[in-house]
Amino acid sequence: MTPPLRAPAEEARRRPRPTRASTPYLRLLTATQFAFNLGFYAVLPYLAAHLGNGLGMAGWLVGLVLGLRTFSQQGLFVVGGALTDRYGPRPVVLAGCALRIAGFGWLALAGSTATVIAAVLLIGFAAALFSPAVESEAAREAVRHEHGAGAPRAHVLALFSAAGQAGAFLGPLLGSLLLLLGGGFRAACLAGALVFTCVLAGHALLMPRTVPGTAPRTDRPEPPAWRAVFANRAFLLLCVAYSSYLVAYNQLYLSLPAEVERATGSQAALGWLFALSSLLVVALQWPLTRWSARRLAPRTALATGLAAVATGFAAVPLTPAGPGGLLPAAAFVVLLTLGQMLLVPAARGLVPDLVEDRRLGLATGALSSVSGFAVLGGSAATGALLDAPAPVRWAVLAAVPLAGAALAFTLPAGRGRKEPGARAVPG
């Protein structure tokens, strides 16, 4: 006998309603990402001024110190990911928080070039430990939540990204407040150390000692973890596609300042454009990802996001200068941010489909490290374009994420609702 048809409203009530981050562990990971960026960005925006004006370093030395910080963090993510797979996330996160506290405390007191460099390297390596651990756990828990509650993993990862952006937005405000109150750079460093002390205490109490749902180790001989990850063609293609995004995103710090100065005669408006980017992520990340998860496979969301980033570059020479000459730069920031909101949760959600669960930490770290090295080389190449005619420069820059979008379509579709036949690719 055919069952009676239900009204659409009744059907909607009967469907499982995905929650945003319903498990305590997911809430802990999301709050962690917020706290990490809050403490970090309370210090980072003021580091260059402290080194140059406060300590009297030459410009080239300030650039070297900032570059060393980036390399010790982004370039060593793969180390933190490998340690996470070997020892579990808890000890790696706790060690990273302890090193970050020590690094901020050391930086607050450092007065010589050698001590500043040592403190900055310690701060960067701390992030290379805890960030891959937390990001791989967020991806793992997003998959478990998807299987258990029916919520697309992109929802959880979108909240994770939005929490990080909220911390990145509020962190500089915290640092500015401390500077306005007369505390100086030392107070900002100590505030950052205090934030990470709270994170360390919270994780010591709340983070599980064992990771739920991971596959038990066997005594069978297995290929080295590095080979299992880096011989995975699909994962390497994801790394290259994601690298095209990070090379493009780095133009916020390279090409955007040059464009703003060309249009207005100064870089005073940069802060407003960065604030616009952060506010867009905080306000729109969740609804945009919710829409994307319903209508796009992860592979399609990744390619669409990269295409939006490419459109942002192409829009600069095509958009007529508006109020204050900032309209082209604002169009670039908006389109780049929209693309970022589409592609970052999709890329992170694809990683668990492409590698085995016990390699997830290493793969998460490798995704960032490969992209970091691409940015290192790409920055030099794109920096050479600053003297080229504007249409040529922005067209070449647009070609980078556009090539990444084409490459993204060669990936497996991922676990999305529009392409149910997609399957995981073994590592």
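The secondary structure of the protein chain consists of 17 helices and zero strands, both taken as DSSP runs numbered from the N terminus (helices H or I, at least four residues; strands E, at least two). The model is predicted, and local features require pLDDT of at least 70, side-chain atom pairs pLDDT 80 or more, whereas totals for chains, interfaces and linings use all residues. Residues are numbered from 1 along each chain as its sequence is written, and side-chain values use heavy atoms, without hydrogens and water.

Of the 427 residues in the protein chain, 51% are buried (under 20% relative accessible area, 1.4 Å probe, protein chains only). Among contacts (heavy atoms within 4.5 Å) with a separation of 6 or more, 83% join residues 24 or more positions apart.

The largest nonpolar core contains 55 residues; such a core is a set of buried Ala, Val, Leu, Ile, Met, Phe, Trp, Tyr and Cys residues joined through side-chain atoms within 4.5 Å. The residues with the most contacts inside this core are Phe235, Leu238, Leu256, Leu302 and Phe332. Elements giving two or more residues to it include helix H11 (233–249), helix H13 (270–295) and helix H15 (327–354). A second, separate core has 45 residues, among them Leu26, Leu29, Ala133 and Leu157.

Beyond its neighbours within four places in sequence, Phe235 contacts Val229, Val351, Leu354, Val355, Ala363, Ala366 and Leu367. In H11, 14 of the 17 residues are buried. At the start of H11, a side-chain oxygen of Asn232 lies within 3.2 Å of the backbone nitrogen of Ala234.

Methods:
Buried < 20%, exposed > 50% of the residue type's maximum accessible area, 1.4 Å probe, protein only. Polar contact = N/O pair within 3.5 Å; in protein donor to acceptor, adjacent residues only side chain to side chain.
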